[in-house]
Every structure is written in structure tokens, then in C-alpha cells.
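This briefing goes through side-chain contacts in one protein chain. Please look at the sequence and the structure before reading the points below.

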Amino acid sequence: MAVKTYTATVGKIDYLSGMHCIELTATVMKALGPLKKKRLLCNLNGKTIFSCGILSAASGRGMIMLNKKQMKIAGCQFGDRIKIQFTEDASRYGMPMPEELEEVLRQDEYGSMRFDKLTPGKKRNIIHFVNSVKSSSLRIERALKLINNLKSLPEGKEKAGMIFGAKN
């Protein structure tokens, strides 16, 4: 797939505790066409690449959530105009799978079967949570905990909060 390049503004979402985002105009959203409904790799200012999805906003606009680390690496802050490049993310889960979670699933046939039946968004939540710590031992711990929680839930009733350990 060809790379699509645009300029966009770093915005804030006040109702989400001032979380930062990339604001995409209705024109950009229209130009993205069917790509806007897929998982993407987003390159900011040629400095950082991350997996993302586009959230719909009012009046045909869209937005992509940004965390502090992504903003720091890209050298941008609220209100800045940035160069953004999109390519389709052709990976299996729409984000990198941590080796530790992959190994837990390889060794646990039932856990793997349950994971495979989850919605793509729930799979990405698990992957992101496991991947969000630097230590390999913590990633293993998190992978084991989440897959064990998943296996303890009735099939078809896997609410995200319960996978992550919340009580009813």
C-alpha cells in the first residue's frame, strides 16, 4: 500500500483529562477512503512510528490518540502542525505481539483458543497491557495473569474489566 502523507494539528481532548490527539480534517478523512477503517502505522515527523486506529469525530473529522512518549519523540506539543504519514498495518493483531504473551499462548492451548475468540479490540487491549512494561519478567507476569483471568470467565462473557481482574 502506498504511503499517504498529510499535515495535521496536535489537539487536546478535554473530556479525556486533556489527552492529546492528532486532529484530522474531513478532507483528510475523505482522502483516506477505506483506509480510515483499518489499523494503521502512523509516522510522526519522520521520528516515531506506532500502530493506531482513527476515531471518528463530529462533522466527518477524525482523530488519533497520542501519548506523552510519542509526542516527545516526535518533538511536538499541543497546537503544533506536524507531518503525518499513514501506511496500512498488515500485522496479525494491528500492533506488535510481545514475545512473552506469544510464548504463554503457545504453551497454553486452551488459553490460546480463548484469546483467539476475543474481539480484535480486546486482543489489542491485552497485547498493549502486556507490552506496556519494560521488564520481560513483568510482561510474563502480566501475560500469565490475563490469560488465566480469561480462562476463568464463561465463554462469550469476556468483559474487558474482568479480563484485567476487576470484580463484577
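Asp 116 is partly exposed, at 36% relative accessibility. In this predicted model, the side chain of Asp 116 forms a salt bridge with Arg 92, with 3.9 Å from N to O. Arg 92 is exposed, and its relative accessible area is 68%.

**Salt bridges**

- Arg 92 is in the loop between β7 (81-88) and α3 (99-107), while Asp 116 belongs to helix α4 (residues 109-117). The two residues are 24 residues apart, and the pair links distant parts of the chain.
- Asp 108 is buried, at a relative accessible area of 15%, whereas Lys 151 is partly exposed at 26%.
- Arg 114 and Glu 158 are both buried.

**Aromatic pairs**

- Three aromatic pairs are found in a search of the whole structure.
- One of them joins Tyr 6 and Phe 86 in a tilted arrangement, with 6.2 Å centre to centre and 50° between the planes. Tyr 6 is in strand β1 (residues 4-13) and Phe 86 is in strand β7, 80 residues apart.
- Tyr 6 counts as buried at 15% relative accessibility, and Phe 86 counts as buried at 0%.
- Phe 129 and Phe 164 have ring centres 5.2 Å apart and planes at 90°, so this pair is edge-to-face. Phe 129 is in helix α5 (residues 120-131) and Phe 164 is in the segment after α7, so the pair ties together parts 35 residues apart in sequence.
- Phe 129 is partly exposed at 28% relative accessibility, and Phe 164 is partly exposed with a relative accessible area of 27%.

**Charges over rings**

- Phe 129 also has Arg 142 over its face, at 3.9 Å from the ring centre.
- Lys 12 places its charged end over the ring of Phe 78, 5.1 Å from the ring's centre.

Methods:
Residues are numbered from 1 along each chain as its sequence is written. This is a predicted model: local features need pLDDT of at least 70, side-chain atom pairs count only at pLDDT 80 or more; totals for chains, interfaces and linings use all residues. Side-chain values use heavy atoms; hydrogens and water are left out. A salt bridge is a side-chain nitrogen of Lys or Arg within 4 Å of a carboxyl oxygen of Asp or Glu. Helices (H or I, at least four residues) and strands (E, at least two) are DSSP runs, numbered from the N terminus. Buried means under 20% relative accessible area, exposed over 50%, partly exposed in between (1.4 Å probe, protein chains only). Rings of Phe, Tyr and Trp (its six-membered ring) pair if their centres lie within 6.5 Å; planes under 30 degrees apart count as stacked, over 60 as edge-to-face and the rest as tilted. A charge sits over a ring if NZ of Lys or CZ of Arg is within 6 Å of the ring centre and within 35 degrees of the ring normal.
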